[in-house]
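Morning, everyone. I have one structure for you today, and I will keep this brief. Please bring it up on your screens.

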Amino acid sequence: MLAYSAPRCDSLPEPPEMPTEPQDAPAASPLDAVLRAQAEGFGLMAWVGAAMLDHAARTASEMAAFARDEARRDVEALGRLARARNPEQLADLPASYLGAKIAACTDEAGRLARMTAETCEVTRRRMAGER
């Protein structure tokens, strides 16, 4: 019969010492996290500011071109008014002028709305992290 012998106590490894206080994993300080988030926010704010300034510049340029074109059309309408030689020609001028003016303003409003929507969409994608 085989005899069982218990291991000797002096041959066992020493148990590890248990800490008396909770040990936190080394982590960056909360201040570091705040500073990183703040830097990211400042970068995003700078980008949004630049995007809005670009949009304002493009909008101002578009509106200046529209005003120039409208002034040219107004001068042409005044020229037609000055060249009118009979009442029938005069009667046709207000309707054609107003129709052209309304169409031009509608087109310009649509163009400005598309420009604004594009800027807002690009800004939304950038802020959402999409590229």
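Let me start with a term: a helix here is a DSSP run of H or I with at least four residues, and a strand is a run of E with at least two. By that count, the protein chain has two helices and zero strands. One caution before we go on. This is a predicted model.

Now the two helices. Helix α1 covers residues 30-83. Helix α2 covers residues 87-127. Their axes come within 11 Å of each other. They cross at roughly 170 degrees. How do α1 and α2 run, roughly parallel or roughly antiparallel? An angle over 145 degrees counts as roughly antiparallel. The pair crosses at roughly 170 degrees. So α1 and α2 are roughly antiparallel to each other.

What kinds of residues make up the contact of α1 with α2? There are 18 nonpolar residues, six polar ones and 12 charged ones.

Start with A77, which sits in helix α1. Is A77 buried or exposed? Its relative accessibility is 13%. The cut-off for buried is under 20%, so A77 counts as buried. A77 and Y97 are 20 residues apart along the chain. Their C-alpha atoms are separated by 6.8 Å.

Next, M45. This residue is also found in helix α1. M45 has 55% relative accessibility. Exposed means over 50%, so M45 counts as exposed. M45 and M127 lie 82 residues apart along the chain. Their C-alpha atoms are 9.7 Å apart.

On to the cysteines. C105 has a relative accessible area of 37%, so C105 is partly exposed. For C120 the value is 45%, and C120 is partly exposed too.

Last, the chain as a whole. The protein chain has 131 residues, and buried ones make up 11% of them. Its accessible surface comes to about 10900 Å². Of that surface, 64% belongs to carbon and sulfur atoms. And the contacts?

To recap: two helices, zero strands, with α1 and α2 roughly antiparallel.

Methods:
Residues numbered from 1 in each chain as written. Predicted model: local features only at pLDDT ≥ 70, side-chain atom pairs only at ≥ 80, totals over all residues. Heavy atoms only, no water. Buried < 20%, exposed > 50% of the residue type's maximum accessible area, 1.4 Å probe, protein only. Areas by Shrake-Rupley, 256 points an atom, 1.4 Å probe, with all protein chains shown as cover. Axes fitted to C-alpha atoms, helices over the stretch in contact; angles between N-to-C directions. Parallel < 35°, antiparallel > 145°, perpendicular 65-115°, else oblique. Nonpolar A, V, L, I, M, F, W, Y, C, P; charged D, E, K, R; others polar.
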